Amino acid sequence: MGNLDNANPIVFLATKERNVLPEEEDDIFTDKFDTREIFDLIRVINDPEHPLTLEELNVVEESKIKVDDDANAVHILFTPTIPHCSMATLIGLSIRVKLLRSLPSRFKVDVQITPGTHDSEQAVNKQLADKERVAAALENSHLLDVVNQCLARRATG
């Protein structure tokens, strides 16, 4: 890999796996999606440049997730580690793909950069909001391979 955008990122402590309540595992009950459930889906996404997760880099935070199960809407704000991060679009695309693959199709997924945290915030947000551009990006086999690497669970231990 060539030069890294952020060669020495700050690493944050990952949260513990949440305890799953018995009623959440019971198929009789239909529980609503909440921010913690969405956070659990995206916090383990791998950063494209570092052997760290988006949570460990503080790129995603539970407090920057909004879920309205009744309105079928999920809104995520993510924060690149540096204002000129060239991987911001790829990170946003990885978040979007993870949620599209994990959530029922009824959900509208909106992924944006936290306001004021990236030099190209508006351009990246426009790309991530454009369904045709996202679909075209995922038809690129190399880009899809990179996204899939970001979404692959790393072995722990």
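Helices (H or I, at least four residues) and strands (E, at least two) are taken as DSSP runs and are numbered from the N terminus. The structure described with these elements is a predicted model, in which local features need pLDDT of at least 70, side-chain atom pairs count only at pLDDT 80 or more, and totals for chains, interfaces and linings use all residues. Residues are numbered from 1 along each chain as its sequence is written, and side-chain values use heavy atoms, with hydrogens and water left out.

Three strands form an open sheet in the order β1-β2-β3, and their pairing is mixed; two strands count as paired if DSSP finds at least two bridges between them. Because β1 (65-68) and β3 (108-113) each have a single partner strand, they stand at the edges, and one side of each is left without a neighbour in the sheet. From one strand to the next, the twist averages 10°. Angles of this kind run from 0 to 180 degrees between N-to-C directions, and axes are lines fitted to C-alpha atoms, for helices over the stretch in contact.

Strand β2 (residues 73-78) pairs with β1 in the antiparallel sense, over four bridges. Within this pairing, Val67 stands opposite Val74 in β2. Helix α2 (residues 35-42) packs on the sheet and touches β1 and β2, its direction making about 125° with that of β1; contact here means heavy atoms within 4.5 Å. Helix α3 (residues 88-102) lies across β2 and β3 and runs at about 160° to β3.

Val67 is partly exposed, with a relative accessible area of 23%; buried means under 20%, exposed over 50%, and partly exposed in between (1.4 Å probe, protein chains only). Leaving aside residues up to four places away in sequence, Val67 touches Phe33, Asp34, Thr35, Ile38, Ala73 and Val74. Of these contacts, Asp34 is 33 residues from Val67 in sequence, while the C-alpha atoms of the two are 5.9 Å apart in space.

The loops can be considered next. Asn58 is placed in the loop between α2 and β1, and its phi is near 60°, a positive value in a residue other than glycine. Its relative accessible area is 26%, so Asn58 counts as partly exposed. Asn72, in the loop between β1 and β2, likewise has a positive phi of about 60° although it is not a glycine. Asn72 is partly exposed at 23% relative accessibility.

Leu103 occupies the loop between α3 and β3 and is buried, with a relative accessible area of 8%. Beyond residues up to four places away in sequence, Leu103 touches Phe33, Ile38, Leu41, Val74 and Val109. The C-alpha atoms of Leu103 and Val74 are separated by 9.8 Å, and the two residues are 29 apart along the chain.

The interior remains to be described. A nonpolar core is a set of buried Ala, Val, Leu, Ile, Met, Phe, Trp, Tyr and Cys residues joined through side-chain atoms within 4.5 Å. The largest such core has 33 residues, of which Ile76, Phe78, Ile95 and Leu99 touch the most other members. At least two residues of this core are supplied by each of α2, β2, α3, β3, α4 (121-129), α5 (131-139) and α6 (141-151). Helix α3 gives the largest share, seven residues. Ile76 touches Ile38, Ile42, Lys64, Ile65, Ile95, Leu99, Asp110, Val111 and Gln112, not counting residues up to four places away in sequence.
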